[in-house]
Amino acid sequence: MHGGNDACGARAVARCTELGRAPYSQMEGGLFRPYLGPSYRATCERLAQWMQDAGMATRMDAAGNLIGRYGGQSPDAPVVLIGSHIDSVRDGGFFDGMLGVVLGIEAVAHFARQGKRFPFALEVIGFGDEEGSRFPRGMLTSHAVAGVLESPDPDMTDCMGTATLATALREYGLDAKRMHMASRRDDPVVAYVEAHIEQGPVLEAEGHALGVVSAIAAQHRYRVTLCGMAGHAGTVAMKLRRDALAGAAEIILAVERVGRAGGDGLVATVGSLEVAPGAANVVPGHVAFTIDVRAGTNATRDDAAREILHIAHQVAKRRGLGMDVVLQQDLDATPCGPRLTDLMKHAVRAVTHTPARLLVSGAGHDAMVMAHLAPVSMLFIRCAGGISHNPAESVTDADAGLALRAMTTFIGLFERRFG
Ligand SMILES: [Zn+2]
């Protein structure tokens, strides 16, 4: 196909769609492509064919990632990695992860058609496990590539109860004890670039096709329990109550208020609430809920979390409730490489003719693991309604074409900066 970037954007969307059904999916009437399953093998074979057609040499690394290499001007040239993930959640969308892999192939095809070689090699990498939808651990394979894989349990069983990690790898001729050999620590990897659907509604709401990720969010997740006094809803007078749920309600509204007041990608959510005893005629004596706080920097997250917990303590004290807080998840922010972010902003501006919208990724991505290896850059692509992890995921041909142009422009700018 020589129809320029718009036709290639359409081809990228068509390829993702093709990979959404059997044999590339192992779920009737929807997409499920778990790491190292039969659908994974079929998908890797199809992707490898497209990589070879685009002028790349293909291989599978020790962690089961698919890699296509388009050599640089010299055999020992540094490497720019372009990628995302091949696996999907159960009943997922066609574009989560796969669009980034397929756009990487299109970007290389674009340069191969011109016979263009860079002072660096371009390698397109499809990560095998990002979602953790088969084994109870996500981002296993980017950890291996980044050289930060702490020996995974080879005996962990998959969600279907049919295989362990060791047996699943063995079917691919791979060895759980050698997964860490996928590490690129000793290679001159100079950048990792990932294009991904936004998985949120901001770009669409603001009328942007593309966005540039400044950082992947820092996250704190707490479990809070409030202990009051259960009692008869008809007989315990209002001012004698210690209602744990009414206290939780006050705290939940404070979580929302603090989240709304912040900048820097701050979001704060109470997503789960359990009430005991949970009967219509009983004053709630016991409530447990989660607080999830994310932001573009650790400092913004920490300030917001501190303020929320301060308010929660005050509410509990005033209402005579016992309160217990456990920090369940603590993830640092991953800033994208500032120089790469600048180049990506230039690239997006050049192709969309509007200033690039910078945003924080509230969701985790392989890029946050790859940042242990090299500076990373992420390009976000608008998806309809912000819907993801859902068969209704949708991206337009035109937006995919713009994303491809932004990526090829970025690589051109990187070459100039690189020289
Ligand atoms: Zn994804």
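1. Let me start with the zinc ion, whose donors are spaced H-x10-D-x99-H along the chain. Please keep in mind throughout that this is a predicted model.

2. Which residues stand behind that pattern? The zinc ion is coordinated by His 85 through NE2, Asp 96 through OD and His 196 through NE2. The distances run from 2.0 to 2.2 Å. As water is not among the atoms, the site may look incomplete, and I would read the list of donors with that in mind.

3. On to the domains. Domain 1 is made of two segments, 4-215 and 333-418, and domain 2 covers 218-331. Their C-alpha centres are 38 Å apart.

4. How many residues meet where the domains touch? On the domain 1 side there are 5, in contact with 9 of domain 2. About 430 Å² is buried between the two domains, with 60% of it on carbon and sulfur atoms. Within domain 1, the residues losing the most area to domain 2 are Ala 333, Val 360 and Gly 362, which together make up 84% of what that side buries.

5. Polar contacts between the two domains come to 2 residue pairs, with both residues at pLDDT 80 or more.

6. Now the backbone. Most peptide bonds are trans, which makes the next two worth a look. A cis peptide bond joins Ala 22 to Pro 23, with omega about 0 degrees; Pro 23 is in the loop between α1 (4-18) and α2 (38-53). Another cis peptide bond links Ala 276 and Pro 277, again with omega about 0 degrees. Pro 277 lies in the loop from β10 (273-276) to β11 (282-283).

7. Finally, Met 139. This residue is not a glycine, yet its phi is positive, at about 55 degrees. Where is Met 139 found? Its place is the loop between β4 (121-127) and α4 (140-146).

Terms used:
Residues are numbered from 1 along each chain as its sequence is written. This is a predicted model: local features need pLDDT of at least 70, side-chain atom pairs count only at pLDDT 80 or more; totals for chains, interfaces and linings use all residues. Side-chain values use heavy atoms; hydrogens and water are left out. Domain bounds come from an automatic or database domain assignment. Contact means heavy atoms within 4.5 Å. Buried area is the accessible area (1.4 Å probe) that two parts lose on being put together, summed over both. A polar contact is a pair of N or O atoms within 3.5 Å; within protein, one must be able to donate a hydrogen and the other to accept it, and residues adjacent in sequence count only if both atoms are side-chain atoms. Donors are N, O and S atoms within 2.8 Å of the metal (3.2 Å for Na, K and Ca); water is not among the atoms, so sites may look incomplete. Helices (H or I, at least four residues) and strands (E, at least two) are DSSP runs, numbered from the N terminus.
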